[in-house]
Amino acid sequence: MSEIKIKSEVAGRVCSIAAEIGASLNDGDAILFVEAMKMEIPVTASGAGKLTSILVKVDDIIAEEQGVAIIEG
């Protein structure tokens, strides 16, 4: 199995977590939402697999291209 590291495409504040560790995700499924410029932007799975780790928590400030989750595909 390969590990897929999910990165945020935008900088901002993590406003909600949409998936739970252990969840089976498909390509494009929302993992969490980042608030940037008064919009909630989803961070989505870039491949199918099992969500093994979430590297951030609600209210964390994250940078563009920061790793936020790991999927085992």
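1. Basis. The model is predicted, so local features need pLDDT of at least 70 and side-chain atom pairs count only at pLDDT 80 or more, while totals for chains, interfaces and linings use all residues. Residues are numbered from 1 along each chain as its sequence is written, and side-chain values use heavy atoms, with hydrogens and water left out.

2. First sheet. Strands here are DSSP runs of at least two residues, marked E and numbered from the N terminus (helices, H or I, need at least four). Two strands pair if DSSP finds at least two bridges between them. An open sheet of four strands runs in the order E1-E8-E6-E3, and its pairing is antiparallel. Its edge strands are E1 (3-7) and E3 (24-25), each of which pairs on one side only.

3. Strand E6 (residues 49-54) and strand E8 (residues 67-72) are joined by four bridges in the antiparallel sense. Ser53 has Ile70 in E8 as its bridge partner, and Leu51 stands opposite Ile71 in E8. E3 and E6 are also antiparallel, with two bridges. There, Ser24 has Lys50 in E6 as its bridge partner.

4. Strand E4 (residues 30-36) pairs with E5 in the antiparallel sense over six bridges. Glu35 has Glu40 in E5 as its bridge partner.

5. Val43. This residue lies in strand E5 (residues 39-44). Is Val43 buried or exposed? Its relative accessibility is 5%, so Val43 counts as buried; buried means under 20% relative accessible area, exposed over 50%, and partly exposed in between, with a 1.4 Å probe and protein chains only. Contact means heavy atoms within 4.5 Å. Leaving aside neighbours within four places in sequence, Val43 has contacts that include Ile6, Lys7, Ser8, Ile31, Leu32 and Val68. The C-alpha atoms of Val43 and Ile4 are separated by 14 Å, and the two residues are 39 apart along the chain.

6. Largest pocket. Pockets are found on a 1 Å grid over the protein atoms alone: a pocket is an open set of points with protein on both sides within 12 Å along at least five of seven lines, whereas a cavity is a set where a 1.4 Å probe fits but cannot get out. Grid points are joined across faces, edges and corners, and a volume is the space filled by probe spheres set on the points. The largest pocket has a volume of about 160 Å³.

7. Lining of the pocket. Lining residues have an atom within 4 Å of a point. Those of the largest pocket include Lys5, Ile6, Glu9, Ile41, Val43 and Ser46. E1 and E5 each supply at least two residues of this lining, and E5 gives the most, with four. What is the division of the lining residues of the largest pocket into nonpolar, polar and charged? There are six nonpolar, three polar and three charged residues. Ala, Val, Leu, Ile, Met, Phe, Trp, Tyr, Cys and Pro count as nonpolar, Asp, Glu, Lys and Arg as charged, and the others, Gly among them, as polar.

8. Salt bridges. Side chains of opposite charge can pair when their charged atoms come close. A salt bridge is a side-chain nitrogen of Lys or Arg within 4 Å of a carboxyl oxygen of Asp or Glu. By this rule the model has three salt bridges. In one of them the side chains of Glu35 and Arg13 meet at 2.5 Å, N to O. Glu35 lies in strand E4 and Arg13 in strand E2 (residues 12-17), so this pair ties together parts that are 22 residues apart in sequence. Glu35 is partly exposed at 32% relative accessible area, and Arg13 is partly exposed at 27%.

9. Remaining salt bridges. Arg13 also forms a salt bridge with Asp59, with the closest N and O atoms 2.6 Å apart. This pair links distant parts of the chain, with Arg13 in strand E2 and Asp59 in the loop between E6 and E7, 46 residues apart. The side chains of Lys57 and Asp60 meet in a salt bridge at 3.2 Å, N to O. Lys57 counts as exposed at 54% relative accessibility, whereas Asp60 counts as partly exposed at 21%. Salt bridges that share partners join Arg13, Glu35 and Asp59 into one network.
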